[in-house]
Amino acid sequence: MGGVFNVKEMEDRILTQGEVLPGHILKVGNFLNQQIDSAFLSRIGEEIASLFAESGVTKVMTIESSGIAIAASVGMAMNVPIIFAKKHKSSNVDGKVLSTTIHSYTHGNDYTAVVGADYLLPGERVLLVDDFLANGNALEGLIRMVEQVGATVVGAACAIEKGFQHGGDKLREKGYRIESLAIVDAMDDDGTITFRR
C-alpha cells in the first residue's frame with residue numbers, strides 16, 4: 001500500500017516542504033495537515049500502530065481538526081474506533097459530555113474541548129494521537145478527559161514534536177509514553193531546522 005515508514009522521510013519533508021513562520025510556527029500544511037499525502041499518511045498510521053501494538057489499545061483519541069486524519073489512519077491500522085474531542089460544544093453534541101479547558105499555543109487562546117461521555121468508557125485503553133506536540137496542552141487536556149472516566153492512557157503519538165517547547169519532555173517526566181516520529185529541537189529565524197538525535 002504505502003510502503004514502510006522512514007523517520008528520515010518525515011525529516012526530509014519538514015526540511016523541503018515545511019516553512020518556519022514567526023512565533024516558532026512550523027507550517028506543514030502541504031503534506032500533513034491541510035493537503036495530505038495519503039500514502040505517507042497510511043505509513044504514519046502503520047508506524048504508530050506498530051509502536052503501540054503490544055499496548056492493548058481499544059480506542060484512538062485526538063482533538064479536532066488536524067489530528068483527525070492521523071488518528072483515523074492509526075485507528076484503521078489497529079482496527080479500533082477513533083474519537084475526537086470537539087473544540088466547542090455544538091448542537092450535535094448533546095447529553096452528558098466530558099469537557100476540559102485547553103490553551104492553544106498556535107492561536108493564543110483558551111477553548112473548551114468536549115466529547116460525548118458515551119464515547120469514552122471506564123476501563124478502555126486509549127492511545128492519544130495528534131499532528132503536533134508543542135507545549136503539550138492539547139494532550140494534557142485529552143489525558144484529563146480519559147482519566148476522569150476511569151479509562152487508561154497507554155501513551156501518545158505525534159507526527160512532529162517541537163522539542164524546544166518541552167511539552168513532550170514534561171509528559172515523559174510524568175510517566176506517560178510519548179512517541180514522536182520527528183522531534184525538532186530548534187528552529188531559527190532564518191528557517192534552519194535542527195532535529196533531535
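Trainee: What should I know before I begin?

Mentor: This is a predicted model, in which local features need pLDDT of at least 70 and side-chain atom pairs count only at pLDDT 80 or more, while totals for chains, interfaces and linings use all residues. Residues are numbered from 1 along each chain as its sequence is written, and side-chain values use heavy atoms, with hydrogens and water left out.

Trainee: How is a nonpolar core to be read, and which residues touch the most other members of the largest one?

Mentor: In soluble globular proteins, nonpolar side chains tend to be buried together. A nonpolar core is a set of buried Ala, Val, Leu, Ile, Met, Phe, Trp, Tyr and Cys residues joined through side-chain atoms within 4.5 Å. Buried means under 20% relative accessible area, exposed means over 50%, and partly exposed is in between (1.4 Å probe, protein chains only). Here the largest core has 33 residues, and Met10 and Ile160 touch the most other members. Among the elements that give two or more residues to this core are helix H1 (7–17), helix H2 (29–33), helix H3 (38–51) and strand S8 (152–162). H3 supplies the largest share, 5 residues. Helices (H or I, at least four residues) and strands (E, at least two) are DSSP runs, numbered from the N terminus.

Trainee: Which residues does methionine 10 contact, leaving aside its neighbours within four places in sequence?

Mentor: Contact means heavy atoms within 4.5 Å. On that basis, and with those neighbours left aside, methionine 10 meets Phe5, Phe31, Phe40, Ile44, Ala159, Ile160, Leu181 and Ala182.

Trainee: How should I describe a helix such as H3?

Mentor: One begins with its span; the expected value is 1.5 Å times one less than the number of residues. H3 has 14 residues and reaches 20 Å from its first C-alpha to its last, close to the expected 20 Å. Its buried residues include Phe40, Ile44 and Ile48, and the buried residues of H3 pack against H1, H2, H4, S7, S8 and S9. At the N-terminal end of H3, aspartate 37 forms a cap, with a side-chain oxygen 3.2 Å from the backbone nitrogen of alanine 39.

Trainee: How many aromatic pairs does the structure hold, and how are they classified?

Mentor: Rings of Phe, Tyr and Trp (its six-membered ring) pair if their centres lie within 6.5 Å; planes under 30 degrees apart count as stacked, over 60 as edge-to-face and the rest as tilted. The structure holds 1 such pair. The ring centres of phenylalanine 31 and phenylalanine 40 are 6.0 Å apart and their planes are at 55°, so the pair is tilted. Phenylalanine 31 counts as buried because its relative accessibility is 1%; phenylalanine 40 also has 1% and counts as buried.

Trainee: Where does arginine 13 lie?

Mentor: A charge sits over a ring if NZ of Lys or CZ of Arg is within 6 Å of the ring centre and within 35 degrees of the ring normal. Arginine 13 lies over the face of phenylalanine 40, 4.4 Å from the ring centre. Lysine 87 lies over the face of tyrosine 111, at 5.3 Å from the ring centre.

Trainee: Is serine 180 buried or exposed?

Mentor: Serine 180, in strand S9, is buried because its relative accessible area is 18%. A polar contact is a pair of N or O atoms within 3.5 Å; within protein, one must be able to donate a hydrogen and the other to accept it, and residues adjacent in sequence count only if both atoms are side-chain atoms. The side chain of serine 180 makes one with the side chain of glutamate 161, at 2.6 Å.
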